Amino acid sequence: MTERADRDSANQLNLLLKDMADRLSTAGVDAPRLDAELLLAFAAKITREGLFTKSIVIDEGLRKRCNGLIELRASRMPLAYIIGRREFYSLEFEVSPEVLIPRPETETLVTAALEAVTARRTANVIDLCTGSGAIALAIAVNAPHARVTATDISVQALEVGARNARRLDVHTRIEFRRADCWGIIDAGGALGRYEVIAANPPYVRENEIDSLAPEVRDFEPRIALDGGADGLDFYRRIAAGAGEHLAAEGVVIVEVGAGQASDVAAIFRAEGFGDFEIVNDLPGIPRVVIARQGLS
């Protein structure tokens, strides 16, 4: 390709990206230029870095694909649902509207869980409300000695989680079970005892869901968001059953919403837990509550 052709190609690329970003900006999308680049890369079947290091033929077919993707994003459909994947804990996960999109703050929970798991020669781990399986699979990948169970009430979510397990090649070390918190729904036996109980349960107050960003309010599964009137319903259920499912010297590790840490600790304290640790996420928000039984 000649130098002039290179310049023409670069100009076409920049004009297309500008048009895409302008449309996203008008629709109120955060980081419109970044999303435009990611969507164009997805449409062209290359990486984002490849946009600026490889020659791309911007023809009508590509423009049409980009237009369709921009329309979806302008409707405020989350980028992760459009491209069908999300990176979490340096791993790539399939995501779909049947599961909550993994958030960076949840990596704080995974790190805490891995610290608890790696301190033991063997560890049975359960991840309640697993969704895409992000927490359970990040633990399984990084702690090969752990035996992991992942539960969810949604059949569709469990299917997504199982596909992620196969893609990450940990499907032989993780068991997916359909359950409503501690209540088994599938035909298998009851849940056992675990050295680590982990959960990122629904914790948004019911009356606050309508005020969330459109990407969350209109597209993410409500069942994965709605924590009841005060946002704490699932913590009460987890705490009420944790005692009979926690192994000796085991630990419960749960993600919490902003401002919920002390209330969640109080819920576990009422169920006989007495040793607590609260861990902040990277922005400094108390994000994870770690609880152990029987200590003052």
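Trainee: Is Asp169 buried or exposed?

Mentor: Start with the cut-offs. Buried means under 20% relative accessible area, exposed means over 50%, and partly exposed lies in between (1.4 Å probe, protein chains only). Asp169 has a relative accessible area of 57%, so this residue is exposed. Before going on, note that this is a predicted model: local features need pLDDT of at least 70 and side-chain atom pairs count only at pLDDT 80 or more, while totals for chains, interfaces and linings use all residues. Residues are numbered from 1 along each chain as its sequence is written, and side-chain values use heavy atoms, with hydrogens and water left out.

Trainee: What is the phi of Asp169, and where does Asp169 lie?

Mentor: The general idea comes first. Most residues other than glycine have a negative phi. Asp169 has a positive phi, near 60 degrees. Asp169 sits in the loop between helix H7 (155-167) and strand S5 (174-180). Helices (H or I, at least four residues) and strands (E, at least two) are DSSP runs, numbered from the N terminus. Ala31 also has a positive phi, near 50 degrees. Ala31 falls in the loop between helix H1 (3-26) and helix H2 (32-44). The relative accessibility of Ala31 is 42%, so Ala31 counts as partly exposed.

Trainee: What does the whole chain come to, and how much of the chain is buried?

Mentor: The chain has 10 helices and 10 strands. Its C-alpha trace spans about 75 × 40 × 35 Å along the principal axes. Of its 296 residues, 47% are buried. Now contacts, which means heavy atoms within 4.5 Å. Take those between residues at least 6 apart in sequence: 63% join residues at least 24 apart.

Trainee: Now the sheet. What is the strand order?

Mentor: In general, strands of a sheet pair through backbone hydrogen bonds, either parallel or antiparallel. Here, two strands count as paired if DSSP finds at least two bridges between them. This sheet is open, with 8 strands in the order S6-S5-S4-S3-S7-S8-S10-S9 and mixed pairing.

Trainee: Which strands stand at the edges?

Mentor: Strand S6 (183-184) and strand S9 (273-280) do. Each has a single partner strand, so one side of each is left without a neighbour in the sheet.

Trainee: How many bridges join S8 and S10?

Mentor: Strand S8 (residues 246-255) and strand S10 (residues 286-293) run antiparallel, with 4 bridges. Val254 has Val289 in S10 as its bridge partner. Val252 faces Ala291 in S10. S9 and S10 are also antiparallel, over 7 bridges. There, Asp275 stands opposite Arg292 in S10. The hairpin of S9 and S10 has 5 residues between the strands, and Gly284 takes a positive phi near 95 degrees in that hairpin.

Trainee: Which strands does helix H5 lie across?

Mentor: Angles first. Axes are lines fitted to C-alpha atoms, for helices over the stretch in contact, and angles run from 0 to 180 degrees between N-to-C directions. Helix H5 (residues 107-118) lies across strand S3 (123-128), strand S4 (146-152), strand S7 (194-199), S8, S9 and S10. H5 runs at about 165 degrees to S8. H10 packs on the sheet too, touching S8, S9 and S10, at about 160 degrees to the direction of S9.

Trainee: At what angle do H9 and H10 pack?

Mentor: Know the classes. Angles under 35 degrees count as roughly parallel, over 145 as roughly antiparallel, 65 to 115 as roughly perpendicular and the rest as oblique. Helix H9 (residues 233-245) and helix H10 (residues 261-270) pack at about 30 degrees, with axes 9 Å apart. H9 and H10 are therefore roughly parallel to each other. Tyr235, Arg236, Ile238 and Ala239 in H9 meet Val264, Ile267 and Phe268 in H10. By class, that contact holds 6 nonpolar, no polar and 1 charged residues. Ala, Val, Leu, Ile, Met, Phe, Trp, Tyr, Cys and Pro count as nonpolar, Asp, Glu, Lys and Arg as charged, and the others, Gly among them, as polar.

Trainee: And how do H2 and H3 cross?

Mentor: The axes of H2 and helix H3 (residues 60-74) come within 9 Å and cross at roughly 135 degrees. That makes H2 oblique to H3. The H2 side of the contact includes Leu39 and Phe42, and the H3 side includes Leu62 and Leu69. By class, the H2 contact with H3 has 9 nonpolar, no polar and 3 charged residues.
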